[in-house]
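Please keep the structure open beside the text.

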Amino acid sequence: MSQIIIKTPEQIEGIRKSSQLAGNTLKYISDFVKEGVSTLYLDKLVEKYIRDHGAIPAPLNYHGFPKSCCISLNEVICHGIPDEKTILKNGDILNIDVTTILDGYYGDTSTMFTIGDVSEAAEKLVEDTEHALYLGIEQVKPGNYFGNIGFMIGRYAKAKKYSVVYEFCGHGVGIDFHEEPQVEHICPKNSGSKMKAGMIFTIEPMINLGKARAIIDEKDGWTARTIDKKLSAQFEHTILVTEDGYEILSDVGDYEIFK
Ligand code: MF3
Ligand code: CO
Ligand code: CO
């Protein structure tokens, strides 16, 4: 049986450094996210920034993923592949998901950006999805059930008449890209195993304006879109369970996400 790793202080420091680099990569790229640029241009800058800081972009060649980060526009839920043809335009919302390997340790974080005049519904979805992530994070403390993360996110999303993606989950992270456990974003109260100090995992809710279902692009095998092509938003942080609560390892402070 695979188990949830309790990280040592040395591992925690390594994962903290990698997560800070991932967060700082998002902060850095935020200056370049604007109307008219291609997602491949952003991917190249992300790759260079990560390598210039002595790290490796984890997505590159991960199970055949061809680029250094995921960029997911509008109806794309996650795992969008940066390319030359996808040009940011007025009204778009997008997620950039960065995972770094620094001295062998993984940090994983993503954020949304909005381009120009987005619809009121899109702006609310982005704000509410970030709020949903923080409702999940507030559940992190030793002795609490993993299920209460997804319970709080699911209840909030339902009250706002959104749906929560259930086909992709958060995950243990740090020594490897995807470790135990799977962190569900919608689930029953007090379900799953209990959190312990020293565990590190992501919370990364994907919330949709329409139906929850995801469909994977048949041609590229990665891009996950909403079944009804309605908008989807996602935010992600890497979280450490501390003795009395949590530390958001990938938090690097505020920066502008409305462009
Ligand atoms: N960063 C994503 C996550 O949050 C995983 C991307 S896998 C990739 O788990 F291969 F698409 F990069
Ligand atoms: Co993740
Ligand atoms: Co990620």
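**Exercise 1.** Determine at what angle helix 3 and helix 4 pack and which residues make the contact.

*Solution.* Step one is the geometry: helix 3 (residues 120–137) and helix 4 (residues 147–159) pack at about 150°, and their axes are 8 Å apart, where axes are lines fitted to C-alpha atoms, for helices over the stretch in contact, and angles run from 0 to 180 degrees between N-to-C directions. Helices here are DSSP runs of H or I with at least four residues, strands are runs of E with at least two, and both are numbered from the N terminus. Step two is the classification: helix 3 and helix 4 are therefore roughly antiparallel, a term for angles over 145 degrees. Step three is the contact (heavy atoms within 4.5 Å), to which helix 3 gives Asp128, His131, Ala132, Leu135 and Gly136, while helix 4 gives Ile149, Met152, Ile153 and Tyr156.

The model is predicted: local features need pLDDT of at least 70, side-chain atom pairs count only at pLDDT 80 or more, and totals for chains, interfaces and linings use all residues. Residues are numbered from 1 along each chain as its sequence is written, chains are lettered from A and ligands numbered from 1 in the order in which they are written, and side-chain values use heavy atoms, with hydrogens and water left out.

**Exercise 2.** Identify the residues through which helix 1 and helix 2 meet.

*Solution.* Helix 1 (residues 9–29) packs against helix 2 (residues 39–52) at an angle of about 135°, with the axes 10 Å apart. From helix 1 come Leu21, Asn24, Thr25, Tyr28 and Ile29, and they meet Leu42, Leu45, Val46, Tyr49 and Ile50 of helix 2.

**Exercise 3.** Work out the strand order of the open three-stranded sheet and where helix 3 lies.

*Solution.* The order is 6-10-13 with antiparallel pairing, and two strands count as paired if DSSP finds at least two bridges between them. Strand 6 (163–164) and strand 13 (232–234) are the edge strands, each pairing on one side only. Two bridges join strand 6 to strand 10 (residues 206–208), and Ser163 has Asn208 as its bridge partner in strand 10. Helix 3 lies across strand 10 and strand 13, at about 40° to strand 13.

**Exercise 4.** Locate the cis peptide bond.

*Solution.* The cis bond joins Glu180 and Pro181, with omega about -5°, and Pro181 is placed in strand 8 (residues 179–183).

How values were computed
Parallel < 35°, antiparallel > 145°, perpendicular 65-115°, else oblique.
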